[in-house]
Structure formats: C-alpha cells, structure tokens
Amino acid sequence: MSRTRIVIFQLKEIIYTAIFVGLGILLLILLFFMFWPGKAKETTGTASPSAVSKKSADANGDKYIAGVYNSELALGDAKINLRVSLDKDRVKSVEIINMKESVETMYPLIKPAVKEISDQLAQDISPDQVVLSDDSPYTSQLILDTVCQIIDDASAQ
C-alpha cells in the first residue's frame, strides 16, 4: 500500500523562494545583455565626422576631414590621450593631453617620441615614411599606429 505524505510549506519559505528565483532571473537577463556578442563595437574617444562632411570633403578633393581628433593609447595599465589636429591636406600636430605625472614618470620617453613624430608629420611626411626614434622604437611605433588609425578614420576617401 502507498503511504500518503503531507508536506507543509510555510508562507515565509514560499516568499523567500520566489524572491530568490526572481533575483536569479534578473541576474541572468543582466548577464545576457552585458555579454551578448552582437553588440556594436565601440571606439574609444575617436571623434567621428558626419557623413555630410565626408561627402563635401570628397567633392573638394581634400585628403582629410579637417578637425581635431582624440584617441586613447594603452601602455600597460596606463592610458594616454593623444590629440591629432588635421588640415584638409596635412597633419598639423600630434600632442599628448592630460597625462598624469605617474605615467610621465614611468614612461619618460613618451613626450619626446610624440614630439618627434609630430614634427615629422607636420613637415608633410607620410606616416609610412616617419623615422622612429632609436631611444624608444616600440613606444614610438605604438604612438605612430594610433596616429595612423586616427588618420585613417579622418580620411576623406
């Protein structure tokens, strides 16, 4: 013969269970939206000109869309903000903005490398022909790669 079992639930246990199930579902939804791979790729700090200005720059035969572009360069844990100023046909300047003293102390050759790259680009030398410093070739290459990415984003063609 089968025995009949009687299970008694207290209302407090049902309420706690419902709250924890609700929080679990909320956490799963949050994780789903945070880590969903279909999310659009975000750019860090680069200014993107409008499509209208690109069309007008193409019509004028300009090389770049004139403006000031910012980008972030990561060196280890440190982040450096680069500002590139462009004319319609050349790079006016490359400079570091808002660099912390601790970063400047850890990487003392950054400022001279940026100055050297800026001077060469301001003389209307192509980014492919820029001569990197022998003192800090790797740092200079990272800076030049970031500048080239900004220039590509600002290219009118």
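In this predicted model, three strands form an open sheet in the order β1-β2-β3, with antiparallel pairing. Strands pair if DSSP finds at least two bridges between them. Strands (E, at least two residues) and helices (H or I, at least four) are DSSP runs, numbered from the N terminus. β1 (67-75) and β3 (91-97) stand at the edges with a single partner strand each, so one side of each lacks a neighbour in the sheet. On average, neighbouring strands of this sheet are turned by 25° against each other, direction ignored.

β1 and β2 (residues 78-86) run antiparallel and are joined by nine bridges. Asn 70 stands opposite Arg 83 in β2. Helix α5 (residues 137-153) packs on the sheet and touches β1, β2 and β3. The direction of α5 makes about 145° with that of β1. Helix α4 (residues 110-122) lies across β1, β2 and β3 and runs at about 170° to β3. Contact means heavy atoms within 4.5 Å. Axes are lines fitted to C-alpha atoms, for helices over the stretch in contact, and angles run from 0 to 180 degrees between N-to-C directions.

The chain holds five helices and three strands. From the N terminus on, the order is α-α-β-β-β-α-α-α. Of the 157 residues, 27% are buried, meaning under 20% relative accessible area with a 1.4 Å probe, protein chains only. Among contacts with a separation of 6 or more, 48% link residues 24 or more positions apart.

Residues are numbered from 1 along each chain as its sequence is written. Local features need pLDDT of at least 70, side-chain atom pairs count only at pLDDT 80 or more, totals for chains, interfaces and linings use all residues, and side-chain values use heavy atoms, without hydrogens and water.

Notes. Buried < 20%, exposed > 50% of the residue type's maximum accessible area, 1.4 Å probe, protein only.
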